[in-house]
Amino acid sequence: MKDATAFRPVGALRVSAVGPRRLRLVSIRETIELSAVAEDLFRLRMVRGRKFSERPSWAVVRDDWPMAPPRVETGKETVAIETGAGRLEFHLRDGRWVLRDAQGAERTTGLAKRLGFAGDAARVALALTETEGIFGLGETTGPINKRGLRRELWNIDVLGHSPGIHPGLHSLYVAIPFALLLRDGRTTGIFWDNPARQTWDLGQAAPDALGVTADSGEIDLYLFVGSSVAEIVDRYTELTGRMPLPPRWALGYHQCRYSYETAARVREIAGNFRRREIPCDAIYLDIHHMDEYRVFTFGKTFPRPAKLLADLDEQGFKVVAIVDPGVKDDPNFGVLRRGRARRAFVKDATGRRDYVGRVWPGESRFPDFTNAQARAWWGEEQARLQQLGVAGFWNDMNEPANFALPSKTLPPDCRHDSDAGPLSHAVAHNVYGMQMARASREGALAHEPGVRPFVISRAGYAGVQRYALIWTGDNSSVWEHLADSLQMLLNLGLSGVAFCGADVGGFLENTNAELLVRWLQMAAFTPFFRNHTNLDTINQEPWAFGPPVEAICRRYIELRYQLLPYLYCLFAESHRTGAAIMRPLFWHHADDPLAVATGDQFLLGANLLVAPILQPGNGARAVYLPRGEWFDFWSGEAHTGGRYILAPAPLDRLPLYVRAGAIIPMGAVRQHTGESKDEVINLHLWPNGKTELAWHEDDGVTIDLATGGYSTRTIRFATVGRGARLDFGAAQGSFVSEVKRWRVILRCATRPYRVTVNGGQIPARFVAETGVFSFEIQNAVSPIVARLA
Ligand code: GLC
């Protein structure tokens, strides 16, 4: 007898239909469709039988782009679709396929023998060249380059996620089946849109193959053949959606712990920040603020929440409340009663009863966030917190976590009544967290229209960036996790999730002064910057280790606030193009093998290079500077790139470098983002090169972008001969810029210059000891040209 679950490679194929952008092929058992979705994006679908699923994707928000009609070829042996950017070829005899770029270079090859189905499971495999690197895949442990590992995409609540601590650990909280393949300086993207559990063997079982298996569902591969990492991530985030601009306060420093257990303690923490003059924008309420962990409530230790929140608001603090999915199974609890009345909970295998699991509140039911009505109901419940003054929602435990079972989640045969029709939990599992974040974001917007929501989520699937930022869950206060968080954030950024961060200082276990300082120094340059620790650990607020440590922490938090104009421009860029905010070196240097291999440094935008200290006792570290010229941010010392240098790093110094020609806009130190406006922007210019800055400004609160409620302009800087030129393009958009003056600060200057602005000479200042040459320009919406001669 034949084993029904044995893998059956696709056999000989023939063409069954040809359309303007697509080709359909059939074998005895399967149907394959090849299409060009955009010039640089192909799709390969394969299904058992003859009918493709018509279920809408949870991830994909756009699936066709205007393009010149592709060439569709149907030969005897091979068929192909060719666009201006690439070509997807398929071999009819055995199912081998090849993706090429416009230059004809082979970007990737699908292995014939491993394309097809085995029982419920579906498989694909790609050939890997010897030096090919694999990046992305959302949030996974291990080195930045995933080559040689095996990872499972199955969202799971896991404590202390280090490969060292859990060598067998293959899954984390987020599942993003999108990878970037780096081969000889060329990048190719591959996305398998299928939320079922996927296993990615990244050259482990066979060193020359990348094998992917999905437990169920169709083969639905998107193949990206763009010409750079940036282009591929741009297209991927057009496909799966982009990060909406967060409120400006989201970019500040945030303080959290499990838990600030009483209102008095929260006030004390807030008071400490202001008294000690350590900038901070948000304080978090972990699960102890609730009445016995009943979601959307405040318990006895928070007697007058509205008053507390109003007082904190007065001091410039936003409050973010944790919102877990599990609803306490207490018949007297209003949220449970209303949820039941709305039939809003996930059902058990019978499809008739609500499934009851166990989380913090004890026995709990799980809202079915895959259902639009359940999401709308959740938003109504959440609105009560908004009315009290809660400014943001922290969606935790949304894998979902379940203490009742060894699998740590819901049984695979639970039933969802999803927007896309009935689904088993096995199929809905990986989208559950993302759909919870969606409920939270859409609810927040429905009840406070026009105000940018703030949602932070632990779990997610491809496209989660449309709804929430991701933090990397329960790390530990150990050095290995500081290093691991760096690669996790870089790979999240490559996977469309530009807004991400890790628990600063480490969550589990007690941190120590040195680890806190080093972690905070690095995190000041990560998109999300939140200090958080576990129940029963020692305190790790910036002042917890005495005045010298506090002073270093304050200085780096202040630097973060000074850099907010630069960071805000990067967030705006990411909102427009999907670009990572925090980038691996190869984002800008894909053809440099040493840059590709660097997993312990990163670029913030194109121009700031951060080389964090990731080990205890290190007073220096090797830093790889990619080609070009770089300046030490602190000393101004110039370095030629394309080599390693040794960077001094006493405890108060984070090795930080600026690319020659960079424009780094910086603002004033303030205690929170709402304290005052940046009327003077310090435009730090670093010589010997040229760059462009996409300046972006808006009110930082409302969603007014669609109607032009921003002020943008291109600012260009270039050194020309012995002088330099700074150009402000005309300002666009209806927002009236808050900038009154640009204070231009040319760094590493060796002499004074004669400065003209739009032809008229203006006064300037040169300080030889610091190498700073500076002058001020009144802001205007019309173009401004400053010449330094
Ligand atoms: C989970 C979260 C953690 C939180 C804790 C209590 O472990 O990951 O951040 O503090 O639950 O709510």
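User: Which residues lie nearest the centre of the second largest pocket, and how many residues line that pocket?

Analyst: A pocket is an open set of points with protein on both sides. In this predicted model, the second largest pocket has 20 lining residues, and S53, R55, P56, S57 and D193 are nearest its centre. Its volume is about 530 Å³. Strand 5 (41-48) and strand 20 (219-224) each contribute at least two residues to this lining. Sorted by class, the lining holds eight nonpolar, five polar and seven charged residues.

User: How much space lies in the largest pocket, and which residues lie nearest its centre?

Analyst: The largest pocket contains about 880 Å³ of space. Its lining comprises 47 residues, with R248, W249, T673, G700 and V701 nearest the centre. Several elements each give at least two residues to this lining, among them strand 23 (318-323), helix 5 (372-388), helix 6 (425-447), helix 10 (564-577) and strand 46 (690-698). Helix 3 provides the largest share, five residues. The classes here are 24 nonpolar, nine polar and 14 charged residues.

User: How is a cavity to be read, and how many cavities of 30 Å³ or more does the structure hold?

Analyst: A cavity is a set of points where a probe fits but cannot get out. The structure holds two cavities of 30 Å³ or more.

User: Turning to the ligand, which residues are around it?

Analyst: A residue is counted here if one of its heavy atoms lies within 4 Å of the molecule. By that reading, the residues around the ligand are Y258, D286, I287, I322, W360, W394, D396, R458, W471, D474, F507 and H532. This shell has seven nonpolar, one polar and four charged residues.

User: How far is an oxygen atom of the ligand from an N or O atom in the side chain of D286, of D396 and of D474?

Analyst: A polar contact is a pair of N or O atoms within 3.5 Å. For D286, the distance from a ligand oxygen atom to a side-chain N or O atom is 2.4 Å. The corresponding distance for D474 is 2.5 Å, and for D396 it is 3.0 Å. As for cover, the ligand taken alone exposes 310 Å², of which the protein buries 98%.

User: What is the mean pLDDT of the protein chain, and which elements have the lowest and the highest mean?

Analyst: The pLDDT is the predictor's confidence in each residue, from 0 to 100. The protein chain has a mean pLDDT of 96, and 99% of its residues reach 70 or more. Among its elements, the lowest mean, 87, belongs to strand 1 (residues 8-9), and the highest, 99, to strand 21 (residues 254-255).

Notes: Residues are numbered from 1 along each chain as its sequence is written. This is a predicted model: local features need pLDDT of at least 70, side-chain atom pairs count only at pLDDT 80 or more; totals for chains, interfaces and linings use all residues. Side-chain values use heavy atoms; hydrogens and water are left out. On a 1 Å grid over the protein atoms alone, a cavity is a set of points where a 1.4 Å probe fits but cannot get out, and a pocket is an open set with protein on both sides within 12 Å along at least five of seven lines; lining residues have an atom within 4 Å of a point. Grid points are joined across faces, edges and corners, and a volume is the space filled by probe spheres set on the points. A polar contact is a pair of N or O atoms within 3.5 Å; within protein, one must be able to donate a hydrogen and the other to accept it, and residues adjacent in sequence count only if both atoms are side-chain atoms. Accessible areas come from the Shrake-Rupley method with a 1.4 Å probe; for residues, only the protein chains shown count as cover. Ala, Val, Leu, Ile, Met, Phe, Trp, Tyr, Cys and Pro count as nonpolar, Asp, Glu, Lys and Arg as charged, and the others, Gly among them, as polar. Helices (H or I, at least four residues) and strands (E, at least two) are DSSP runs, numbered from the N terminus.
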